[in-house]
Amino acid sequence: MRLDKYLIQASIGMRKEVQPLIREGLVTVNGNVVTVPETIICEKTDCITYRGEKISLGKRQYYMLHKPAGYITARSDAEKATVLDLFQNVNTNSLFPVGRLDKDTEGLLFLTNDGAFDQFLMNPKCHVEKTYFFWALGSLSEEDKAALCNGLSIGEGEKLTKPARLTIVREGLYDVLKEEIISPIICKVKMKPEGQPVVAGYLTISEGRKHQVKRMLKAVGCYIIYLKRTTIGPVALDESLPKGQYRALSEEEVRSLLD
């Protein structure tokens, strides 16, 4: 195993954090300072230290959280509640979120202490798909739907989005469908919803650009008022989990995500 990967899996930090630590001479292998992150080590027999303390691969932890709106995806924050604040009777010292969900977005979020797991799921080259359910103010023409599926511009100087999949499940007027809209985030949209058309559906993407789903819908004239991530790769949100609750991922779920 590479030395930098070992430090990632030991929860010392992410790759961009551990590689400089190795180059600074803060890591030893069998008593010798090693400054090359790519150095191959044997995790079973070699003695690895960081800042003079022996480190080892602890038990890897993987959790599924049903994230509610109102929590930021971060380990800690001086002013705002974070997703780690939802965990009770769990040692969260080494846990971190895999990717992120916006404060007002709900749904599936993984937390782990396994840096390699995080890197695989978040690496754009791995093309791990993520599906989101949305309600939006606006309507979608056939041309709009094709643009969302085939790729469109969501920012000056950015590449077109990669191909996506779209399934529309509801279309109509807000006044008629407002009782169906879950926890609408109307305060985030300047226009008044009354009298406006609304659309609901599922959008599956394989990228992770900032606010990507919101920006994709905005590019075709629709404005998200509710957003929920429902799947990451082959694993779907356990709908038996109430908002704010979590459970450990099964071994089968972890394996399926890494296949």
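A: Start with one cut-off: a residue is buried when its relative accessible area is under 20%, and exposed when it is over 50%. Keep in mind that this is a predicted model.

Q: Is strand 8 enclosed or open to the outside, and how many of its residues are buried?
A: Strand 8 spans residues 130-137, and eight of the eight are buried, so the strand is largely enclosed by the rest of the structure.

Q: Which way do the side chains of strand 8 point?
A: The general idea comes first. In a regular strand the side chains alternate between the two faces of the sheet. Now the case here. K130, Y132, F134 and A136 point one way from strand 8. T131, F133, W135 and L137 point the other way. Residues on both sides are buried.

Q: Which strands pair with strand 8?
A: Strand 10, residues 197-205, pairs with strand 8 in the antiparallel sense over eight bridges.

Q: What does an open sheet look like, and in what order do its strands come?
A: Four strands form one here, in the order 2-1-3-4, with antiparallel pairing. Strand 2 (32-33) and strand 4 (53-54) stand at the edges with a single partner strand each, so one side of each has no neighbour in the sheet. For strand 4, look at strand 3, residues 48-50: the two pair in the antiparallel sense over two bridges. Y50 has E53 of strand 4 as its bridge partner.

Q: Where do the nonpolar residues gather?
A: In soluble globular proteins, nonpolar side chains tend to be buried together. The largest nonpolar core in this model has 30 residues. L65, F134, L140, L203, M216 and L217 have the most contacts inside this core. The elements that give two or more residues to the core are strand 5 (62-67), strand 7 (106-112), strand 8, strand 10, helix 6 (212-219) and strand 11.

Q: What does L217 touch?
A: Leaving out residues up to four places away in sequence, L217 touches F134, L140, L148, L203, C222 and I224.

Q: How do I read a helix that has buried residues?
A: An α-helix has 3.6 residues a turn, so residues three or four places apart point the same way. In helix 6, Q212, V213, M216 and L217 are buried. Seen down the helix axis, these buried residues fall within an arc of 130°, so they line one face of helix 6. Their cover includes strand 8, helix 4 (142-150), strand 10 and strand 11. After helix 6 comes G221, with a positive phi near 85°.

Q: Is Q212 buried or exposed, and what does it touch?
A: Q212 lies in helix 6. Its relative accessible area is 3%, so Q212 is buried. The side chains of Q212 and E207 are joined by a polar contact of 3.2 Å. Beyond four places in sequence, Q212 touches I154, T161, I205 and E207.

Q: Is D259 buried or exposed?
A: D259 has a relative accessible area of 77%, so D259 is exposed. Look for D259 in the segment after helix 7 (251-258). The C-alpha atoms of D259 and G233 are separated by 9.8 Å, with the two residues 26 apart along the chain.

Notes
Residues are numbered from 1 along each chain as its sequence is written. This is a predicted model: local features need pLDDT of at least 70, side-chain atom pairs count only at pLDDT 80 or more; totals for chains, interfaces and linings use all residues. Side-chain values use heavy atoms; hydrogens and water are left out. Two strands pair if DSSP finds at least two bridges between them. Buried means under 20% relative accessible area, exposed over 50%, partly exposed in between (1.4 Å probe, protein chains only). A nonpolar core is a set of buried Ala, Val, Leu, Ile, Met, Phe, Trp, Tyr and Cys residues joined through side-chain atoms within 4.5 Å. Contact means heavy atoms within 4.5 Å. The arc is that of the directions from the helix axis to the C-beta atoms. A polar contact is a pair of N or O atoms within 3.5 Å; within protein, one must be able to donate a hydrogen and the other to accept it, and residues adjacent in sequence count only if both atoms are side-chain atoms.
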